[in-house]
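Hi,

Here is the model I promised to pass on. Have a look at it first, and then read my notes below.

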Amino acid sequence: MTAALRARGLGRSYGRLWALSDCTLDVPAGRVVGLVGPNGAGKTTLLHLAVGLLTPSTGTIEVLGGRPAAGPAQLAKVGFVAQDSPTYAGLSIEDHLQLGARLNPGWDDALARDRIRRLGLDLTRRAGKLSGGQRAQLALTLGVAKRPELLVLDEPVASLDPLARREFLQDLMEAVAEHELSVVLSSHLVSDLERVCDHLIVLVASRVQLGGDIDTLLATHHRLTGPRRDPARLPADQHVISASHTDRQSTLLVRTEAPILDPAWTVDQVGLEDLVLAYMGQSATDRRDAGRPPTLEVQR
Amino acid sequence: MIWLTWRQLRGGALTVGALLAVLAVVLGLTGPGLADDYSTTIAACSSQGGGCAGFVERFFEDNRITFLAAAAVVLVLPALIGVFWGAPLITRELEAGTHRLVWNQSITRTRWLAVKLVVTGLAAMTAAGLASLAVTWWSSPVDKAAEDFPRMEPLLFAARGIVPVGYAAFAFALGVTVGMLVRRTLPAMAITLAVFVAAQIAMPLLVRPHLVAPVRSTVEITPSNVTGFVRGPDGVLLVEATATSPDDWVLSSHVLDAAGHAVDAVEAPSSGPCAPSTAPAEEATGPEDDPQVAACLADLGRLGYRLEATSHPAGRFWPFQWYETGIYTALALALAGFCTWRIRRHVS
Amino acid sequence: MIEFHLDDRSGLSPYLQLVRQVRQALRVGLLREGDQLPTVKAVVARLAINPNTVLKAYRELEHLGLVSARPGVGTFVTATLADASFAAHDSLRQDLRRWLADARHAGLDDESIEALFVTTFRTTAHEDIA
């Protein structure tokens with residue numbers, strides 16, 4: 001299967017500030033990929049590079065085997081819902097469907113209209129009069145109805161209320177099940193991603209800190225609790241991601257393929273959110289130690 | 001894409017359409033009768049032999065407001081198009097973020113912009129063309145009566161014929177380019193207006209006079225072509241005259257002395273008809289009727305004073321229209337080409 | 001047709017929760033042989049979870065011999081769990097009562113009993129399924 005996204009040394013700078021640096025990723029197709037990281041980490045930059053809204057400053061990126069936005073065929077393969085679900089405030093929903101139909105040869109009009117009908121939206125309503133959740137659903141409809149192979153969403157549920165958020169994710173998963181889409185969606189909330197994603201990329205301070213199938217990540221990371229121990233004295237195949245100590249006790253988060261045989265440790269599973277936070281915290285420590293400047297805040 | 005361009009242009013197009021409709025109604029109500037009135041009355045007053053000057057003046061006065069307003073509409077329309085159709089074309093998408101929606105459809109940015117430029121540009125040129133056509137048609141009898149507004153002079157030149165089409169194309173392309181570079185609507189509109197106005201001022205000042213080599217004519221100053229004769233202090237004379245027909249576009253006009261140098265004022269000879277008279281009287285008649293003035297002018301001619309004018313004759317109206325339209329259209333195409341190339345580099 | 005639900009705090013991964021709910025339904029007779037399980041599309045549309053999670057759960061159930069997938073049609077129950085376990089319930093319940101009495105006697109309070117039970121249960125559950 002062609003990789004959904006392949007990046008090698010990908011970087012994007014604005015003047016002397018790097019919004020994304022040295023990004024190397026292999027994202028398999030047929031997955032729902034979560035891209036998580038704090039605000040300003042470079043998630044939007046990475047997604048914009050993937051859909052061709054930006055061009056790389058260094059490195060390469062390949063989406064579904066082609067260069068992003070290289071031509072109409074490539075554009076048809078990738079659907080995109082940008083942050084805050086932009087729509088034309090002055091155009092009605094019907095106008096938006098016309099837009100999709102006329103600008104996309106692969107447009108599935110029946111699918112689009114069925115979705116709108118099921119959402120209970122009035123076709124003559126102007127997009128500017130819709131609620132945030134309804135606009136997100138409209139943007140999702142436009143993205144899905146052009147029948148792409150990959151759907152990219154930038155923080156699609158960030159500004160939605162819990163009900164709208166749940167409905168959006170329900171619809172998204174239904175579309176994935178029905179059309180076998182690959183999805184890349186970004187969020188700065190891990191809890192959103194846990195249910196829907198099976199592959200995770202952690203982006204902190206413009207760099208990829210972690211990437212892999214969620215099942216594998218959860219299976220290979222463990223929380224070790226036990227008597228106070230210097231993390232450097234652990235076996236080489238156990239990589240310590242984070243460590244905290246009291247005078248008597250050490251709590252470590254380690255990544256290892258092999259089973260942990262030392263009986264002094266109590267071994268527990270790590271939740272996804274704790275896992276991600278540990279990687280974010282590690283990079284913050286690294287940055288402080290290396291004296292690197294603070295994270296670039298992307299101006300929107 | 002053509003559908004989308006039209007759908008997004010609809011609001012602006014309706015506004016311009018409404019303006020054109022109002023123009024059409026106003027001109028349509030009065031226009032058809034004007035030409036007939038003018039020609040029948042001219043025929044009548046010419047045959048009467050009393051001279052038509054009075055009628056012509058009255059005819060112009062009656063229609064002056066509509067005449068000037070119509071010209072104003074044609075002059076302003078390209079600027080409106082540049083500011084309201086051109087500048088927001090790209091900036092509106094950027095400010096609303098909808099470029100992230102439309103540039104992800106199965107159409108490249110280049111094609112998106114090219115279609116928008118062509119469709120909207122043609123609409124702009126059509127609107128300007130229709131306005132100019134209507135106003136030129138309506139104004140043709142009034143132009144003949146408008147002594148202060150010859151067609152060749154910059155003010156009316158820009159409101160007649162086909163140049164408004166070129167202006168509209170240029171203003172539109174300029175607006176789109178500025179919008180693409182500046183990325184915010186209000187500054188783009190302001191800069192577009194400023195640059196367009198500057199271009200419209202620079203054209204008749206710097207470029208149009210040189211499109212074709214102007215005609216230099218030298219004539220003697222006689223009572224029939226003198227327009228002003230004033231005795232200044234210290235015995236200088238300020239003389240003004242026209243060397244050409246009133247419909248020509250005069251670029252410059254000087255009095256030359258015998259050696260061929262241009263002078264602002266003539267040193268009055270201390271004797272002869274031009275000497276200061278002891279009893280200057282304020283006369284109601286113009287200098288062309290005053291025998292004193294006639295004698296003085298003859299004397300000046302003997303001394304070698306003559307009038308030199310650089311001008312473009314009225315007959316060059318259409319060639320100039322074509323050249324200028326060509327220049328503006330070429331500029332518009334160059335700007336459009338630049339935009340289409342540059343849009344690919346745009347950052348999200 | 002049964003309906004699934006997810007408990008975010010149950011500590012079990014989602015697909016295991018689905019497997020457990022099917023087994024539970026079979027046990028109490030809500031699902032009988034020949035019944036169809038909800039389609040993957042219907043499950044994800046209700047729960048907003050990844051379709052692969054549902055596929056994994058259904059594959060696991062197939063591996064356990066409880067269901068079978070018919071391509072293009074759906075996933076159908078092929079066995080029941082009801083009979084085998086009901087008989088054991090009574091004696092297990094008595095054993096449990098005895099164990100609880102022992103625990104209280106040893107001085108454990110309710111929370112300690114629950115913690116002991118849950119941690120032992122989880123570790124053995126993972127050993128079983130892994």
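To start you off: which residue in β7(A) does Val33(A) stand opposite? It's Val184(A) that faces Val33(A) there. Before going on, please keep in mind that this is a predicted model.

**The sheet in chain A**

Strand β3 (residues 32-36) of chain A and strand β7 (residues 182-187) of chain A are paired in the parallel sense, with five bridges between them. Both strands sit in an open sheet of six strands, ordered β5-β6-β7-β3-β8-β9 in chain A, and the pairing across that sheet is mixed. At its edges you'll find β5 (78-81) and β9 (207-213) of chain A, each pairing on one side only. On average, neighbouring strands of the sheet are turned by 15° against each other, if you ignore direction.

Two helices to look at here pack on the sheet. Helix α1 (residues 43-51) of chain A touches β3, β5, β6 (150-154), β7 and β8 (199-204) of chain A, and the direction of α1 makes about 150° with that of β6(A). Helix α5 (residues 132-145) of chain A touches β5 and β6 of chain A; its direction makes about 175° with that of β5(A).

**Where chain A meets chain C**

Here 13 residues of chain A are in contact with ten residues of chain C. On the chain A side, the elements giving two or more residues are α6 (162-179) and α7 (190-196) of chain A. The most comes from α6(A), with eight residues. Sorted by class, this side of chain A has seven nonpolar, one polar and five charged residues.

**Chain B**

Chain B has an open sheet too, this one with four strands in the order β1-β7-β4-β5 and antiparallel pairing. Its edge strands are β1 (215-219) and β5 (262-263) of chain B, each of which pairs on one side only. β1(B) and strand β7 (residues 306-312) of chain B run antiparallel and are joined by five bridges. Within that pair, Val215(B) stands opposite Ser311(B).

Over to you!

Methods: Residues are numbered from 1 along each chain as its sequence is written. Chains are lettered from A and ligands numbered from 1 in the order in which they are written. This is a predicted model: local features need pLDDT of at least 70, side-chain atom pairs count only at pLDDT 80 or more; totals for chains, interfaces and linings use all residues. Two residues are in contact if their C-beta atoms, placed from the backbone, lie within 7 Å. Ala, Val, Leu, Ile, Met, Phe, Trp, Tyr, Cys and Pro count as nonpolar, Asp, Glu, Lys and Arg as charged, and the others, Gly among them, as polar. Two strands pair if DSSP finds at least two bridges between them. Axes are lines fitted to C-alpha atoms, for helices over the stretch in contact, and angles run from 0 to 180 degrees between N-to-C directions.
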